[in-house]
Amino acid sequence: MIPFKLSDELIEEIQLLIVSKSDSALRTKMEDFHYADIAEIINELNFEHATYIIKLLDSEKTSEVLTELDENIREQILGNLSAKEIADEISELDTDDAVDIIAELPEERVNEIIAQIGDKEHARDIVELLRYDEDTAGGLMAKELVKVNENWNVLTCVKEMRRQAENVTRVHSIYVVDNDGKLKGRLSLKDLLTTSTKAQISSVYIPKVDFVTVHDKAEDVARLMSKYDLEAIPVIDELGRLVGRITIDDIVDVIKEEAEKDYQLAAGITQDVEADDDIWVHTKARLPWLLIGMFGGLGAASIIGSFQGAMANPILLSFVPLIQATAGNMGVQSSAIVVQGLANDTIRGELFKRLGKEFVLGLINGCAIALVVLIISHFLFQTSYLVSATIGVALITVIIIAALVGTFVPIFLDKKGIDPAVATGPFITTSNDVFGILIYFTIAKLILGF
């Protein structure tokens with residue numbers, strides 16, 4: 001398969017086909033593309049042209065395209081479609097994808113769309129899923145799955161599986177339930193094929209099965225599926241009844257969204273933003289941390305101003321950026337590793353033991369960097385031994401402190417229920433800048449006596 005590559009020439013060609021109303025040629029052109037590629041094309045078109053393509057293609061194709069579109073563009077397109085047109089589109093989708101689309105619409109609009117869905121069972125499943133928060137297992141799951149009763153024999157089981165599989169895009173697992181619909185286990189396809197058709201399912205199913213409940217957090221589901229390399233996982237309700245399944249494609253989306261959110265938090269952006277969002281949205285997301293950084297800078301400036309003796313020594317002042325940068329980098333490195341460990345649930349053991357490890361790492365790294373700076377400052381900047389010693393001791397100290405702060409803060413925030421990703425960016429950098437300056441000039445005052 002040749003990888004799809006979007007180009008200006010392709011966009012221009014499609015726009016020309018739309019303007020010239022060459023519907024047949026446009027359909028033929030689109031048939032060559034995967035629905036994800038069509039979504040990528042539509043994202044680059046204006047609203048009128050995007051809507052034109054959605055209405056031109058058949059529902060089976062466009063329903064999948066809608067799931068891949070940029071949220072803002074999809075919202076605009078859905079706003080230009082009738083309730084019946086949207087109902088026709090989501091009728092082609094699995095329930096989880098259908099919910100992802102219509103959940104973005106006003107409640108009145110959602111009710112109109114559901115009333116237009118011909119398959120009433122499909123409509124009921126969508127209504128049920130809409131009750132759950134989107135960041136829970138219930139909000140992620142699809143109702144389409146294959147389940148068999150433990151009291152059936154193999155022959156009945158195969159017949160029922162064939163019937164159910166018609167409504168399931170991909171069969172990852174076969175789940176076993178009792179007469180009350182409670183999850184009992186899973187069925188191996190190999191065992192099913194090699195067992196007598198008269199055998200009871202209760203004698204061949206595997207009782208051990210990983211599962212989640214409808215109210216489990218999406219991040220916990222992602223962690224579980226990633227840990228055990230699961231392609232799908234069943235979802236049960238408060239009574240233990242099997243109510244749905246979550247597949248790996250939904251979990252990939254969760255992992256991607258969490259990574260994007262953590263990356264933005266680490267960069268000092270307090271809310272989820274897209275590159276195409278308006279200026280006001282970007283301003284609200286960026287300004288809080290910029291203000292924190294500003295106050296941190298003012299704090300550092302006031303600390304420098306309080307050490308009047310340092311002003312008379314330009315060599316000391318020239319190493320301020322080095323102290324700040326080194327402290328900030330060390331703090332971000334330490335916090336990034338801890339945040340990653342917290343996200344992967346690999347941070348274990350006592351806090352003091354972890355801080356002790358960071359102390360040793362800070363000491364080793366600090367000594368190595370201080371030795372290089374000592375040599376360079378003495379021979380290149382012609383600093384005295386006392387000034388070189390001041391810079392070296394200060395570097396070792398600020399690196400150790402930065403490593404400890406970068407480790408402690410994310411763990412502390414996590415225990416308080418705050419996303420520790422906020423610790424990896426401006427928070428750590430700013431705090432270590434201030435601590436670094438204070439430590440640097442305090443050590444300078446003690447050694448040089450100004």
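Biologist: What does Glu 13 form a salt bridge with, and how far apart are the closest N and O atoms?

Modeller: Here is the general idea: side chains of opposite charge can pair when their charged atoms come close. In this predicted model, Glu 13 pairs with Lys 29, with 3.3 Å between the closest N and O atoms. The pair links distant parts of the chain, since Glu 13 sits in helix α1 and Lys 29 in helix α2, 16 residues apart.

Biologist: Is Lys 29 buried or exposed, or in between?

Modeller: Buried means under 20% relative accessible area and exposed means over 50%. Lys 29 has 23%, so the residue counts as partly exposed. Glu 13, at 36%, is partly exposed too.

Biologist: How many helical turns separate Arg 163 and Glu 160?

Modeller: About one, because they are three residues apart in helix α12. Glu 160 is buried, at 18%.

Biologist: Now the strands, please. In which sense do β5 and β6 pair?

Modeller: They pair in the antiparallel sense, over five bridges. Pro 234 stands opposite Arg 245 in β6. The hairpin has five residues between the strands, and Gly 240 takes a positive phi near 85 degrees there. As for cover, six of the six residues of β6 are buried.

Biologist: Which helix gives the largest share of the negative patch?

Modeller: That is α15, with three residues. The patch lies on the surface, and its members include Glu 68, Glu 71 and Asp 249. Glu 71 belongs to helix α6 and, at 53% relative accessibility, counts as exposed.

Notes. Residues numbered from 1 in each chain as written. Predicted model: local features only at pLDDT ≥ 70, side-chain atom pairs only at ≥ 80, totals over all residues. Heavy atoms only, no water. Patch = residues over 30% accessible without salt bridge, like charges linked within 9 Å, V, L, I, M, F, W, Y side chains within 5 Å. Areas by Shrake-Rupley, 256 points an atom, 1.4 Å probe, with all protein chains shown as cover. Salt bridge = Lys/Arg side-chain N within 4 Å of Asp/Glu carboxyl O. Lys, Arg positive; Asp, Glu negative; His and termini not counted. Charge placed at Lys NZ, Arg CZ, Asp CG, Glu CD. Helix = DSSP H or I, 4+ residues; strand = E, 2+ residues; numbered from the N terminus. Buried < 20%, exposed > 50% of the residue type's maximum accessible area, 1.4 Å probe, protein only. Pairing = 2+ DSSP bridges.
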